[in-house]
Amino acid sequence: MNQCQIDLAKTPNGGLGREIVHKSLAVELSERDRAELHVHMNGAIPVSTIQDIFADELTELPSGFLIERDMLRHTPCQSLASYLTPWQVLRLFPKKRENLDRLSLAVVSSLAQNNVRFVELRSSVLYLAALQNCSPAQALERLLESSRTASDRFGMRLGLVLTVTRGDYSSVGLSTLLQAYQDLGEPDDVVGLDLAGDEEIAYPAELPSLFRKAKDRFGFGITIHAGETGRVENVRSAVELFGADRIGHGTAASKDPHLLDLLARQDICIEVCPISNRLTGAVPVDEAHPLLEFRRHQVPFVICSDNPAIHQRGLADDHATAMTEGLSANDISEQFDIAKRYSFIEGLN
Ligand SMILES: [Zn+2]
């Protein structure tokens with residue numbers, strides 16, 4: 001059994017792919033250039049690196065937290081909250097500057113193993129300032145420096161996307177991040193803004209206009225996690241209020257043909273994360289993945305991995321899983337060019 005067949009056999013549908021993956025195609029898939037437009041930095045740190053950093057920083061795991069049970073996600077979770085259990089630990093490090101360098105290198109190395117040529121890496125940055133006892137601008141500077149060093153080493157283009165978390169403090173968080181970005185002289189490798197977090201939680205009324213202003217002023221791309229927990233209206237407001245260029249997940253949009261037409265008309269790309277969508281329950285086990293519905297309505301989409309280390313998989317597995325969900329080999333072969341077209345990183349060729 002070659003590697004690709006092994007990967008397909010591990011997919012949530014139990015390997016019931018409609019595509020027969022011949023060895024030559026498997027080789028082609030494994031060697032193909034890839035691009036990653038939706039990956040969370042702290043969901044991409046190999047567990048061995050996390051354990052090493054915990055030991056070095058003398059950090060204790062929260063009481064009752066078991067690495068094998070609580071850090072990794074291999075089977076569909078009861079709820080998104082349950083899927084997010086690993087973040088109880090992922091917010092506790094790195095306290096040391098050198099461990100930020102260490103984890104950046106591990107993240108980029110994992111991406112390189114999946115033939116990722118360019119990546120938009122997401123981070124909420126501010127937790128780093130608290131952990132490392134430094135200003136938000138220093139935290140952003142450290143993150144940029146360590147991710148630049150890592151990406152240079154692997155010859156990978158890297159853009160940073162600043163993640164804002166939904167909730168009462170989202171406007172303050174965004175303003176703080178933008179000030180840090182300006183304090184550093186508006187570095188070119190900060191390429192976009194992301195809104196993440198619990199979609200059931202309200203946000204301050206001014207938040208959408210703050211996103212739009214940042215887009216106009218700094219030229220950021222905007223991506224919004226929306227429609228992952230069934231809220232169709234969040235996808236619509238991402239487009240109409242936040243000025244989103246891309247939608248993270250967007251699975252609920254498939255329930256509204258008018259919304260799909262809007263996404264197609266405005267050329268809004270959906271970041272489809274096939275493995276994550278099954279594990280979070282965004283797509284229930286007994287339902288088809290909506291990516292075929294996206295294709296039918298000519299909504300552009302790009303296959304991404306979301307939190308590959310939590311899944312103990314990589315982008316190559318997400319591409320293989322997308323095939324078991326109904327994409328053709330030809331669809332997969334177009335993915336690199338689609339990612340280039342919708343990436344917020346400039347000057348890709
Ligand atoms: Zn995500």
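Predicted model: local features only at pLDDT ≥ 70, side-chain atom pairs only at ≥ 80, totals over all residues.
The surroundings of Phe211 can be listed in detail. When neighbours within four places in sequence are set aside, Phe211 is in contact with Val164, Leu174, Leu193, Asp194, Leu195, Ile222, Ile224 and Phe242.

## The annotated domain

UniProt, in an unreviewed entry, assigns the feature "domain: Adenosine deaminase" to residues 34-344.

Arg34 belongs to strand 1, which covers residues 34-40. Arg34 has a relative accessible area of 2% and is therefore buried. A polar atom of the Arg34 side chain is placed 2.9 Å from the backbone oxygen of Asn114.

## The zinc site

The zinc ion has as its protein donors His38 (NE2), His40 (NE2), His225 (NE2) and Asp306 (OD), at 2.1 to 2.4 Å. Along the chain, these donors of the zinc ion have the spacing H-x1-H-x184-H-x80-D. Because His40 is located in strand 1 and Asp306 in the loop between strand 8 (301-303) and helix 16 (308-311), the pair ties together parts that are 266 residues apart in sequence.

The arrangement of the four donor atoms is irregular because the angles they subtend around the zinc ion run from 84 to 171 degrees. Both of the residues in the pair named above are buried: His40 has a relative accessibility of 13%, and Asp306 has a relative accessible area of 3%.

Most residues other than glycine have a negative phi, and most peptide bonds are trans. Asp306, in the loop between strand 8 and helix 16, has a positive phi of about 70 degrees although it is not a glycine. His249 also has a positive phi, near 75 degrees, and is a residue other than glycine. His249 is part of strand 6, residues 246-249, and is buried, with a relative accessible area of 1%.

The peptide bond joining Phe93 and Pro94 is cis, with omega about 0 degrees. Pro94 is situated in the loop between helix 6 (87-90) and helix 7 (97-113).

## Covered and exposed helix positions

Helix 17, residues 315-324, is mostly covered, with nine of its ten residues buried. These buried residues are Leu315, Asp317, Asp318, His319, Ala320, Thr321, Ala322, Met323 and Thr324. Gly326 follows helix 17 and has a positive phi, near 125 degrees.

Thr149 is a residue of helix 9. The relative accessible area of Thr149 is 55%, so this residue is exposed. Between Thr149 and Thr59 the separation is 90 residues in sequence and 26 Å in space, C-alpha to C-alpha.

Technical notes. Residues numbered from 1 in each chain as written. Heavy atoms only, no water. Contact = heavy atoms within 4.5 Å. Helix = DSSP H or I, 4+ residues; strand = E, 2+ residues; numbered from the N terminus. Buried < 20%, exposed > 50% of the residue type's maximum accessible area, 1.4 Å probe, protein only. Polar contact = N/O pair within 3.5 Å; in protein donor to acceptor, adjacent residues only side chain to side chain. Donors = N, O, S within 2.8 Å, 3.2 Å for Na, K, Ca; no water. Tetrahedral: all angles 85-135°; square planar, octahedral: opposite > 155°, others 65-115°. UniProt positions renumbered as here; feature names shortened; annotations may be inferred.
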